[in-house]
Amino acid sequence: MDSALIPEGAKRCEFPKFMIGMAIVGAVLLWGVYAMFLCWFKGLNQTNMNDYYGFALWIWADLAVIAVGGGAFFTGLLKYIFKIDELKNIINFAVIIGFICYSSALLILAIDIGQPLRGWFIFWHANVHSMLTEVAFCLSCYFAVLTIEFIPNILENRQANKVPFFHHLAHNMHGVMAVFAATGAFLSFFHQGSLGGVAGVMFGRPFAVREGLLIWPWTFFLFTWSAAAFGPCFTLLVTKITEMVTGKKLVSDKTVHLLAKISGWMITTYIIAKIIDTIYWATVTVPSLGFTLDHFFSNNAFYGYWILVAEIIVGGVVPGLLLVFKSTRENPTTRTIAIILGVIGVCLNRWVMVLQIMAVPVMSFDTWALYIPSWQEVATTVLPVAYGIMLIAVAYRYLPVFPQEPELNKPVEAAE
């Protein structure tokens, strides 16, 4: 039964070996599910949130997975709207990664509201003056778009594709996928931007507040830009890890180099805008609010100036330059270093925009409020990682995710 579902011509590990791996990751997933149910049935007192930290660790994870999941909408935009045909070799995997990231984000939101039975209040009793309402609407709609984009890949399973209806449905859905790619890019622009906008309008927290264009603070555009820039890095990183685990070449160097080049230029332009934004904030916005830059970084080792350097230089300038220049982009070692630094950089950006905001004292009698998450927060943050690994494993085993896999591994298979 198992072998009948594996794509024709593809080789996969033995079923018992596959199940052992799934069981190990499944145990981690069950740990997270247990913590999730504790939060639902006993309440948010299971967390270490307090009057300073209204956002738990999982909110950082929520914004981080949404940012790195941006590779799905941006790669889809390049493939279907800008007609960059070479990306057809990685678009299926980008969609799966995006599906995992956005379903994880919705799961985290379900945990965060504490009472999941009232989750529908967001839609039925919508606060139309809240950016978070816009985020919830766009997030839900874009997840629906990603599901539609994922369906053709499922229908192309070896057995499902034998059914004429499923075969023609998958074919026709591929034909209209440009419509969904454009819809996804439109929705992503607003929900990624709104996540940044929430931070930018927090006037009571001068670390985050920004000037803006019309009703949008700069952070609205920086969040969208950074997701489009670093999202492809995460796609390339997960692809690299999948290749290492499976021991196979799954995507051609030509496709990898192209996506890395696009990501490199996006990161470079983004980080220039981010540097300009930071300089303007430090020299104009902060003094106008009665603060100096030292208020936000000094006298605290955990949030010292090093974190600013790590985010902008190490996680932005360095990966951008490594991916822009051909010699370092096409070198497997420096390219891997660049995509790892890029993923860390965007996650660090979301960290400071979620947790450092809460840590900075805003009153003269306040002190830095450091935050240690509870084990339940850690477990529910690890939960999406375990879920993602399991879904990628199942998809790789039973679906034709990588169209180049047979061609790229043909000599090896012939030798075997």
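Which residue lies over the face of Tyr-396, and at what distance from the ring centre? Arg-12 does, at 3.8 Å.

The model is predicted: local features need pLDDT of at least 70, side-chain atom pairs count only at pLDDT 80 or more, and totals for chains, interfaces and linings use all residues. Residues are numbered from 1 along each chain as its sequence is written, and side-chain values use heavy atoms, with hydrogens and water left out.

**View 1. Arginines over aromatic rings.** Arg-12 lies over the face of Tyr-396. The charged end of Arg-397 sits over the ring of Phe-18, 4.6 Å from its centre. A charge sits over a ring if NZ of Lys or CZ of Arg is within 6 Å of the ring centre and within 35 degrees of the ring normal.

**View 2. Aromatic pairs.** The count of aromatic pairs is 30. Rings of Phe, Tyr and Trp (its six-membered ring) pair if their centres lie within 6.5 Å; planes under 30 degrees apart count as stacked, over 60 as edge-to-face and the rest as tilted. Tyr-102 and Tyr-142 form an edge-to-face pair, 4.8 Å centre to centre, with 90 degrees between the planes. This pair links distant parts of the chain. Tyr-102 belongs to helix H5 (residues 91-112) and Tyr-142 to helix H7 (residues 131-155), 40 residues apart. Helices (H or I, at least four residues) are DSSP runs, numbered from the N terminus. Both tyrosines, Tyr-102 and Tyr-142, are buried. Buried means under 20% relative accessible area, exposed over 50%, partly exposed in between (1.4 Å probe, protein chains only).

Phe-165 and Phe-166 make a tilted pair: 5.8 Å centre to centre, 55 degrees between the planes. Phe-165 counts as exposed because its relative accessibility is 57%. Phe-166 has a relative accessible area of 31%, so this residue is partly exposed. Phe-165 lies in helix H8 (residues 164-175).

**View 3. An aromatic cluster.** One cluster is formed by Phe-186, Phe-189, Phe-190, Trp-216, Phe-220 and Phe-221.

**View 4. The largest nonpolar core.** This core holds 119 residues. Trp-60, Phe-74, Tyr-142, Phe-207, Phe-296 and Trp-351 touch the most other members. Helix H15 (residues 332-359) gives the most to the core, with 14 residues. A nonpolar core is a set of buried Ala, Val, Leu, Ile, Met, Phe, Trp, Tyr and Cys residues joined through side-chain atoms within 4.5 Å. Beyond neighbours within four places in sequence, Phe-296 is in contact with Pro-206, Phe-207, Trp-281, Val-286, Phe-291, Tyr-303, Gln-356, Val-360 and Trp-368. Contact means heavy atoms within 4.5 Å.

**View 5. The crossing of H4 and H10.** Two packed helices are described by the angle between their axes and the distance between the axes. The axes of helix H4 (residues 70-81) and helix H10 (residues 218-246) come within 7 Å and cross at roughly 100 degrees. Axes are lines fitted to C-alpha atoms, for helices over the stretch in contact, and angles run from 0 to 180 degrees between N-to-C directions. H4 and H10 are therefore roughly perpendicular (65 to 115 degrees). From H4, Gly-70, Gly-71, Phe-73 and Phe-74 meet Ala-227, Ala-228, Gly-231, Pro-232 and Thr-235 of H10.

**View 6. Gly-231 in helix H10.** Gly-231 is placed in H10. Its relative accessibility is 0%, so Gly-231 counts as buried. Leaving out residues up to four places away in sequence, Gly-231 touches Ala-67, Val-68, Gly-70, Gly-71 and Ser-226. Tyr-53 is 178 residues from Gly-231 along the chain, and their C-alpha atoms are separated by 28 Å.

**View 7. The loop between H4 and H5.** Lys-83 and Glu-86 are both found here. Phi of Lys-83 is near 60 degrees, a positive value in a residue other than glycine. Lys-83 counts as exposed because its relative accessibility is 62%. Glu-86 and Ser-252 are 166 residues apart in sequence and 9.8 Å apart in space, C-alpha to C-alpha.

View 8. Ser-374 sits in the loop between H15 and helix H16 (375-398). At 8% relative accessibility, Ser-374 counts as buried. Setting aside neighbours within four places in sequence, Ser-374 is in contact with Gln-46, Thr-47 and Asn-48.

Key
Helices (H or I, at least four residues) and strands (E, at least two) are DSSP runs, numbered from the N terminus. Angles under 35 degrees count as roughly parallel, over 145 as roughly antiparallel, 65 to 115 as roughly perpendicular and the rest as oblique.
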